[in-house]
Amino acid sequence: MSLKIKALTKSIWVFHLAASPCNNCDIEILDLLTPRYDVERFGIQLVGSVRHADAILVTGSMNRKARQRLKRVIAQAAKPCFVIAIGNCSCSMEMFANSYNQMECLDNVSEVHAYIAGCPPKPEAMIQGVVALIQAQLAALKK
Amino acid sequence: MSIVQGIGYLVIGFLAAAIIGMFAHWFDRKITARVQWRVGPPFFQPVYDLVKLLAKEVIVPEGASRFLFLSAPLFGLAAVSVVSALLIRTVIFPQQTFLGDLIVVIYLLTIPSQAVILGAFASANPLASLGGSREMKLILSYELPFVLAILVPVIKAGETIKLGVILQHQATEGAVIASISGVIAFVISLICMQAKLAKVPFDVPEAETEIMGGAYIEYSGAALGLFKLTQWMMMFVVPFFLMMLFIGAVNWRQSWLNIVWAALIYIGILLFITLVRNTNPRLRIDQIMKFFWAKITPIAIVAVILAFLGL
């Protein structure tokens, strides 16, 4: 395993992208940074600018207005950057699927690398999701 | 000094500052984590961060000045490497310094901040230019008391602007900090250092929670990595410079134990920076200016007068 890839998996800076969520998932994401879970142990850090991000955490079911902005923000990220859908809303639109102001699911707008289901998902589930994503990427590189 | 020697000193200065600066950054994050009752990042975290950033894509935003945007991080890094090389050379050969190297160091230490301003304005982002203008006001605030505080060791060492002479003076006559004016000036310079390193409570230029990283908002990949590295190297260079001026604790010629002693003092200063950073809220830029100009500068002037009186 090259140093470059090892460094990438050991230092994941995440950008929190709230696409019209109900805030439950957002609170659970912030839980990850608190003393109980402390993801800084693994080098995971929350950053303020999407240019610094290695992973974008999308929460919420994404309404018409959020959709355009989400597209722009994801396009602004420096590659390699992964998109992680957090919560049932961003995974599948849940109960908002037939709502008048919702257009389409997140994976129609952008490539999604990991889905973490739950309403809201537990912090443990998010950590497991990120670990699964890292392992999948490493396995893909070995091939 | 030949060109080869000069390049050698630069490489040594860069490597020493980079390695110690990375340690300082890790120390800062680890202590912060412990203060917040967390575990904190692993020891090699700064290395992982740097390597990752160097390997990532660099994006030049639309409407940005390409040359300035990409060269600004290099200016800062170059300046801080030269300072580090100068300081390390002064410690090794105190007799061989040139006249006025103290002034050169003071000037070079402001270049990283100016590089941040240039890069911020070149990136054509409103939040970045806000960060850049705040950085500019921050320099205006702290630079005057910082220079006044540095005048104290200059006066104490017999009105010299040679770093090597100040060091040798302290080796024979005792440290500057062992006097009233020295203590006052050292405390002032520690506060100015906090602002120079843009740490809380003076972190207005990058204020993560209000202007999203401010000056660095548009930077990505290697350019951001170089800016981060410059910041980390400053965490070695500025405390080291103050230690040379006020404590003179790097007299390795007297005994090897002095190096251990210097390392302990350095870690103590780092601990001070980190604890101040963790126990204070961020000040507004107008509060910072009032604090430095109305409170710190008069005290610095008093320290200079005391030094003239020989106290």
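**Exercise 1. Find the strands that pair with β4(A), and say how they run**.

Step 1. Three bridges link β4(A) to strand β5 (residues 114-116) of chain A, and the two run parallel. Strands pair if DSSP finds at least two bridges between them. Strands (E, at least two residues) and helices (H or I, at least four) are DSSP runs, numbered from the N terminus.

Step 2. Look across this pair: Ile84(A) stands opposite Ala114(A) in β5(A).

Step 3. Strand β3 (residues 55-59) of chain A is joined to β4(A) by five bridges, also parallel. Here Leu57(A) stands opposite Ile84(A).

This is a predicted model: local features need pLDDT of at least 70, side-chain atom pairs count only at pLDDT 80 or more, and totals for chains, interfaces and linings use all residues. Residues are numbered from 1 along each chain as its sequence is written, and chains are lettered from A and ligands numbered from 1 in the order in which they are written.

**Exercise 2. Decide why β4(A) is largely enclosed**.

Step 1. Apply the cut-offs: a residue is buried if 20 or more other C-beta atoms, placed from the backbone, lie within 10 Å of its own.

Step 2. Check one face: Phe82(A), Ile84(A) and Ile86(A) are buried. On the other, Val83(A) and Ala85(A) are buried too.

Step 3. Conclude: five of the five residues of β4(A) (residues 82-86) are buried, so the rest of the structure largely encloses this strand.

**Exercise 3. Describe how chain B touches chain A**.

Step 1. Count residues: chain B gives 25 and chain A gives 18. Contact means C-beta atoms, placed from the backbone, within 7 Å.

Step 2. Name the top contributor on chain B's side: α2(B), with six residues.

Terms used. Two residues are in contact if their C-beta atoms, placed from the backbone, lie within 7 Å. A residue is buried if 20 or more other C-beta atoms lie within 10 Å of its own, exposed if 12 or fewer, and partly exposed in between; C-beta atoms are placed from the backbone.
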